[in-house]
Amino acid sequence: MIARILSRGTVQVAAATWSILVIVPFVLIFVLSLRSNADIYANGLGVGGTLRPENYLAAWAGAGATTGMSVYFWNSIVVAVVAMTVNLAAGVTAAYFSTFLSEKWRRRFLNVFVVASVVPLILMIIPFYQVYNALGVLNQPWAVGIAYAVITLPTTILIMQAFYVDFPKELCEAAALDGAGPWWTYLWIVLPLSKGAVTAVSLLVLIFVWGETQVGVILLQDSLAQTVPVGLLSFQGQWTTNLGALFAGLAIASFPIMAIYLIFSKQITKGITMGGFGGR
Amino acid sequence: MTTTSAARSGNPGRASQANAATIALGTMPALILLLALVGWPIVQAVWLSLSDWGGVGDLKWVGLENYTTVLSDPRTLRSLGTTLTYATASTCLIIVIATLLAAYASAGGKGSNFHRIVWFLPGIAPAAAASIFWANAFQPSTGALNLILGALGMGSRHAWLAEGSMALIPVIVVTVWTSVGFAFLIILGAMEQIDSSLYEAARIDGANAVSRFWSVTLPLARPTIVIVAILEFIWTFNGFTVIWAMTQGGPGSATSTLPVLVYKQAFQFTQFGRAAALSVVGGALLLAIGTVGLMLGGSRQR
Amino acid sequence: MFSAVLLTSAAWAQEAPVTLTVQTQTGESNIKLFSILTEEFEKLYPNVTVRLQTISQDQKVGANLAVLASNNPPDVGMIPINSQVYTQLVNNNALLPLSDVWEASDLKRRYGETVANSLIVKDVPYTVVTSQAIYDIVWYNPALFEKAGIPAPENHRIKSMDDLVDIASKLKAAGFGPLQIGGGSGYQASWFVDALLPTSATAVQMQNYLQTQDPEVQVVARYDDAAFLDVLMALNKLNGAGVFQAGFLGQKAPDAFAPFLAGTAGMAIGGDWDLVQFGQSNLNFEPDWALLPPISADRKVVQTLYFGDALGIPAAAKNPDWAKKFLQFVVSDEIQELANVRGVGILPSVNSLPAEAIASLNPITQELLADITANGSAPGWTGTIPGGVGQQFLDPLIQEMYSGGLTPADIAAQQQQRLEEFRATGK
């Protein structure tokens with residue numbers, strides 16, 4: 001009996017501990033982002049000292065002639081829009097039409113993407129560099145968007161095909177009987193009803209774009225072309241004498257995407273669990 | 001998963017709604033993109049690994065020379081060792097923690113909705129941002145972590161990132177911190193699919209919460225857990241961001257995993273051929289682990 | 001006279017707008033210098049807009065190769081001559097030869113023999129240097145020295161290794177940081193080799209060490225000889241005696257420097273560019289400078305010079321003529337005085353400035369220059385030879401030695417092997 005209470009208590013304490021471990025770093029980032037450099041050295045936990053919201057302006061604009069978060073933010077948005085558009089257009093369509101394949105071919109089709117989802121990026125970064133250089137599209141955020149769209153294609157297809165397999169087909173059949181072609185059915189009947197799943201996969205693509213560095217660091221060398229995660233790597237070096245601004249930069253990089261997640265958390269978690277193993 | 005889907009897939013009625021041409025048109029763009037931006041680079045990587053290239057100018061064919069150089073270099077073996085240690089330790093911790101968290105949340109523990117949302121947060125913030133924060137936190141004397149430990153009386157001068165033998169630990173901690181959320185959600189999804197009648201049966205048989213976990217939850221969630229474990233292993237083996245943002249492979253080569261070594265060989269020593277050979281070796285290893293694992297796991301899944 | 005040439009060309013300049021992309025490294029003194037250069041160049045040529053592209057320390061010695069070798073490179077690239085980036089670009093003819101710029105600006109004479117020779121590859125120069133730097137300076141805090149009961153180093157020189165160890169332990173006993181170095185930065189660990197090697201090797205050996213990456217030069221001094229090995233052993237001893245701050249291997253240069261700026265550390269390794277930062281931080285003390293001790297007591301340590309952050313023009317640059325104009329502009333006497341000396345407070349790269357111009361520099365810089373006149377100077381080993389056989393190769397090994405993973409003899413052997421490989425393959 002006591003063991004039961006104890007074990008329930010410890011379990012809840014353990015869960016609470018993990019929750020604290022998860023939240024505290026973000027709290028610290030926020031608190032430290034409002035402190036001056038001297039204050040941070042005086043107390044690394046951000047206790048005491050003056051409030052300096054100017055750190056956010058400094059991080060946004062950049063130090064001297066260097067690049068600020070504003071540039072990285074804009075580039076990330078460009079990359080995200082291109083990536084989501086290409087990914088959804090190709091991926092959702094392919095997932096839907098793959099459900100018309102016979103069982104054998106559908107499995108083969110999906111296996112291609114399953115294998116592709118485990119291809120290590122380290123294999124691809126140098127060839128990516130060569131191709132992008134030859135085509136003259138290095139340092140172009142939209143070109144990186146296309147690369148990201150393809151890297152996350154397996155995720156989208158695996159999740160959407162799981163969704164379309166369970167999709168009620170009576171509507172499609174009814175439309176077909178009325179003489180509608182498969183494309184018309186797809187665009188005007190199926191897609192409007194797929195909003196939830198499509199939202200989920202587009203947000204997964206967004207999260208990937210917002211965090212990817214390995215490919216970005218190769219393809220975006222000019223700091224004016226860099227996305228948020230890639231820019232952060234050199235952002236460190238610019239703010240060594242103003243740690244408060246560095247933390248402000250970390251906050252600018254993290255909090256917006258976290259807010260988007262919190263708003264759409266239900267769709268996102270549903271999408272992940274539905275697809276099985278979304279992949280990053 | 002359910003009987004309806006089994007009936008729907010391969011439904012001849014549906015096939016009549018779309019002929020082969022339409023299906024091809026619908027699926028081709030994705031396949032072409034994949035071939036162009038995933039398939040072709042793999043071929044090119046292999047080609048490059050058989051050449052000598054300094055990053056500028058022409059490629060020079062050298063056959064298997066890069067492979068012999070790379071595989072006989074003690075640094076490669078050391079890096080592989082570091083990578084395996086890093087990936088194994090991270091994966092084990094991720095899986096254990098994620099499974100326990102998922103068990104807690106699926107059993108309807110207090111505040112589980114809150115937990116679902118909050119526990120995934122570290123995976124949302126860019127890993128580069130998290131790594132920069134943690135690199136600061138791990139600094140001796142002024143870092144947040146050391147300050148907290150100091151307040152708890154456990155000393156505040158720990159310099160994990162400075163000692164070669166221990167530098168891997170903070171990196172593993174941050175990797176686990178950012179990755180648990182995702183694994184947690186997948187495993188939770190699997191656990192929630194377990195029929196509650198099985199739990200009832202176990203309860204009637206007198207099993208308490210812990211033994212219910214061992215006898216019902218774990219076995220039924222095992223296929224998913226195995227697959228998540230394999231995926232996390234592959235992703236951590238391939239991981240670059242956390243290490244690069246925190247230590248750049250240092251001090252010395254203590255945290256130089258294979259991806260870091262590939263990057264350094266290519267972009268610091270301009271040995272692109274050797275870097276490609278390294279990446280092919282690592283990639284082949286991972287593809288083998290990945291395909292075998294997914295085949296084993298996937299056969300039980302649907 | 002040169003300004004007359006510039007003015008004439010300005011009058012003839014095209015009115016078509018041009019955007020010139022110029023690279024520079026991040027860091028207070030670099031940004032300040034290039035901001036002034038940008039402003040002045042745009043004043044002279046109103047149709048030109050100079051766009052600064054900033055790169056980090058890591059990029060400068062590595063990934064920047066990809067940028068400069070691409071089809072869309074900046075017009076003026078920052079190319080450290082001690083990096084693989086430079087070696088590869090030159091080996092593959094990916095930089096424009098700058099013989100015309102050198103002739104127009106009389107750079108062979110104005111740089112002096114040592115510097116000019118290091119920038120010329122097979123009779124062709126591919127880069128120009130905008131400033132010289134003095135590094136391996138041990139900045140120290142006299143107030144903290146007093147508090148810890150340490151006498152100020154006589155003639156700005158720490159007498160011996162034992163003295164250095166003594167100073168460090170006294171500082172630590174008084175609760176201050178000892179010698180702050182950014183062991184994790186990838187270059188500061190190997191900096192010490194630059195200051196100490198000239199005191200351990202003979203002049204002939206030293207000259208050889210600086211040239212043996214060229215396969216046509218005969219190897220007279222090997223890296224597994226006593227001269228190089230002694231330096232490594234001395235560094236190992238310093239580390240063992242606790243001369244560096246706790247956790248230094250996990251810190252980059254700015255993190256390590258911060259406690260010195262905050263007044264909590266007694267010494268920090270740095271260079272003359274730190275004076276810019278001293279001016280911008282609100283220091284509560286007057287920093288003074290010292291040099292590291294020699295390996296053997298009978299030798300003298302001299303200032304270590306770096307003139308390696310060179311500017312070059314990638315072969316695929318879109319505006320090569322304007323880029324060349326920019327380079328000529330940057331090395332002209334007027335601009336060297338205006339931007340380097342008066343604007344930022346760093347040393348010019350040319351030796352043709354009048355004495356009054358130099359006299360306007362920071363008093364500490366004056367002392368450093370006076371010391372060079374009195375005692376001489378030496379080019380830094382890691383700052384001169386290609387990074388693939390020098391800094392980028394050696395620094396991680398020294399870091400590993402400090403973590404206890406390698407012995408000095410191991411490193412010496414590996415360094416010699418790397419040299420032989422570099423001589424055979426060119427990279």
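1. Start with the side chain of B:Ser179: at 2.7 Å it reaches the backbone oxygen of B:Thr175. That is a polar contact, meaning a pair of N or O atoms within 3.5 Å; within protein, one must be able to donate a hydrogen and the other to accept it, and residues adjacent in sequence count only if both atoms are side-chain atoms. B:Ser179 sits in helix H10 (residues 168-192) of chain B, and with 4% relative accessibility it counts as buried (under 20% relative accessible area, 1.4 Å probe, protein chains only).

2. Keep in mind that this is a predicted model: local features need pLDDT of at least 70, side-chain atom pairs count only at pLDDT 80 or more, and totals for chains, interfaces and linings use all residues. Residues are numbered from 1 along each chain as its sequence is written, chains are lettered from A and ligands numbered from 1 in the order in which they are written, and side-chain values use heavy atoms, leaving out hydrogens and water.

3. Now the interface of chains A and B. Here 92 residues of chain B are in contact with 94 of chain A (heavy atoms within 4.5 Å). Between them the two chains bury about 8400 Å², 77% of it on carbon and sulfur atoms; this is the accessible area (1.4 Å probe) lost on being put together, summed over both. Helix H3 (residues 20-49) of chain B gives the largest share of chain B's side, 18 residues.

4. Over in chain C, 4 bridges join strand E3 (residues 77-80) to strand E12 (residues 309-312), and the two run antiparallel. C:Gly77 stands opposite C:Gly312 in E12(C). Helices (H or I, at least four residues) and strands (E, at least two) are DSSP runs, numbered from the N terminus.

Technical notes
Buried means under 20% relative accessible area, exposed over 50%, partly exposed in between (1.4 Å probe, protein chains only). Two strands pair if DSSP finds at least two bridges between them.
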